[in-house]
Amino acid sequence: MSIQNTTGLSNLVAQYYDKKLLMNFYPNLVLYSMAQKRPIPKGSGTTINFHKIAKLSASTTPLVEGVAPAEDSLTATRPSATIKQYGNYILISDLLELVSIDPILDDAMKELGKQAALTVDTLCRIELDSDCDNLFAGDNSALTGVGTDDPLTAREILRGRVSMQVNDIMDEAILVAHPICVFDLKADTAAGGWMEVAKYLKKDEMILKGEEGKLFNVRIVSSSNIDSTASGTESSATVYSNLMCTKGCFGAVELDSKGVKSMIVPRKPSIADPLAQVNSVGWKIEGFAAAYLGTTSTERRALRVRAGTAFTNAY
């Protein structure tokens with residue numbers, strides 16, 4: 001059992017604000033903001049279903065005077081996901097609360113709120129990573145060809161955007177990319193048309209956490225919560241799986257203030273803590289699941305843009 005105490009933390013004082021969790025939860029969500037959100041239906045079990053209506057083709061048969069045409073019909077797919085609970089907590093000693101100066105509970109809930117947001121975004125990322133089609137940088141056809149000389153460039157952004165437009169997906173796209181890949185993109189001397197956030201953000205429109213700018217009508221968001229691998233790549237180079245998504249490309253459980261809760265257990269004597277020396281603060285998500293909705297070849301609304309880099313970290 002790991003208990004935060006005066007050895008691990010200093011200059012802290014006990015003060016708790018319940019709203020601190022949610023204040024640091026919602027602003028730190030990136031991928032979740034792009035989901036088609038649905039509340040958990042009560043009494044329907046642990047499975048949640050989403051729906052996606054397939055697009056209708058053109059109706060080119062002329063009408064015949066006085067004759068009713070045959071009706072058309074909608075086709076829907078119903079991807080599903082299993083609802084699970086998530087949460088975490090930390091233990092704080094009574095001595096730490098007694099001698100510390102800064103508000104420990106306030107700061108603890110701030111970090112726990114960020115952790116909860118990271119957890120939700122990671123679950124969304126894992127779902128997209130497992131089902132999205134791949135676009136390999138450098139015109140490669142497989143991961144084995146992607147190496148340090150295949151960085152994220154404006155060409156990859158354009159390729160991804162056009163690939164979606166070929167399937168009539170004209171919605172604005174968002175690329176969530178690793179900071180190193182964003183560096184490569186900005187350093188691409190052949191890139192043109194880059195727009196700073198202030199030049200395109202509409203009145204009352206919220207800027208996304210980590211948003212850097214826009215290129216080819218794709219909003220570029222920097223996030224370290226991007227999967228990477230050096231396995232199966234050219235010369236074992238690190239390759240990042242950046243995610244290009246359109247709004248509603250995946251479904252997720254709606255998380256309101258009732259679905260995300262802060263938890264605090266005050267100190268009191270018990271068998272486990274007979275001298276009432278610790279309390280706990282934490283967070284709990286009552287139920288969450290995510291499901292990719294691009295289930296057909298013409299309805300794939302997200303791509304994994306897999307790019308290498310020659311970037312050398314300064315640290």
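In this predicted model, Arg-38 stands opposite Val-253 in strand β17. Strands here are DSSP runs (E, at least two residues), and helices are DSSP runs of H or I with at least four residues, both numbered from the N terminus. Strand β17 covers residues 250-253 and is joined to β3 by 3 bridges. The two strands run parallel. Two strands count as paired if DSSP finds at least two bridges between them. Both strands belong to an open sheet of 3 strands, in the order β3-β17-β20. Its pairing is mixed. β3 (36-38) and β20 (290-292) each have a single partner strand, so one side of each is left without a neighbour in the sheet. Neighbouring strands are turned by 20° against each other on average, direction ignored. Such angles are taken between axes, which are lines fitted to C-alpha atoms (for helices over the stretch in contact); angles run from 0 to 180 degrees between N-to-C directions.

Residues are numbered from 1 along each chain as its sequence is written. Because the model is predicted, local features need pLDDT of at least 70 and side-chain atom pairs count only at pLDDT 80 or more, while totals for chains, interfaces and linings use all residues; side-chain values use heavy atoms, with hydrogens and water left out.

The structure holds 14 salt bridges. A salt bridge is a side-chain nitrogen of Lys or Arg within 4 Å of a carboxyl oxygen of Asp or Glu. One of them joins Lys-114 and Glu-111, at 3.7 Å from N to O. These two residues are 3 residues apart in helix α3 (residues 104-131), so about one helical turn separates them. Lys-114 is partly exposed, at 32% relative accessibility. Glu-111 is also partly exposed, at 46%. Partly exposed lies between buried (under 20% relative accessible area) and exposed (over 50%), with a 1.4 Å probe and protein chains only.

Glu-212 meets Lys-186, with the closest N and O atoms 2.6 Å apart. Glu-212 lies in strand β13 (residues 211-215) and Lys-186 in helix α5 (residues 179-186), so the pair ties together parts that are 26 residues apart in sequence. Glu-212 has a relative accessible area of 26%, and Lys-186 has 48%. Lys-261 and Glu-286 form another salt bridge, at 3.5 Å from N to O. Lys-261 is in strand β18 (residues 260-265) and Glu-286 in strand β19 (residues 278-288), 25 residues apart. Both are partly exposed, Lys-261 at 34% and Glu-286 at 28%.

Salt bridges also form a network. Its members are Glu-172, Glu-205, Glu-211, Lys-214 and Arg-219. Arg-219 lies in strand β14 (residues 218-222). Arg-219 is buried, with a relative accessible area of 6%. A polar contact of 3.1 Å joins the side chains of Arg-219 and Glu-205. A polar contact is a pair of N or O atoms within 3.5 Å; within protein, one must be able to donate a hydrogen and the other to accept it, and residues adjacent in sequence count only if both atoms are side-chain atoms.

The surface also carries a nonpolar patch. Leu-158, Val-162, Val-166 and Phe-216 form this patch, with about 330 Å² of accessible area together. Patches are made of residues with over 30% relative accessible area and no salt bridge; like charges are joined within 9 Å, and nonpolar side chains (Val, Leu, Ile, Met, Phe, Trp, Tyr) within 5 Å. Accessible areas come from the Shrake-Rupley method with a 1.4 Å probe, and for residues only the protein chains shown count as cover. Val-162 is found in helix α4 (residues 154-166). Val-162 is partly exposed, at 37%.
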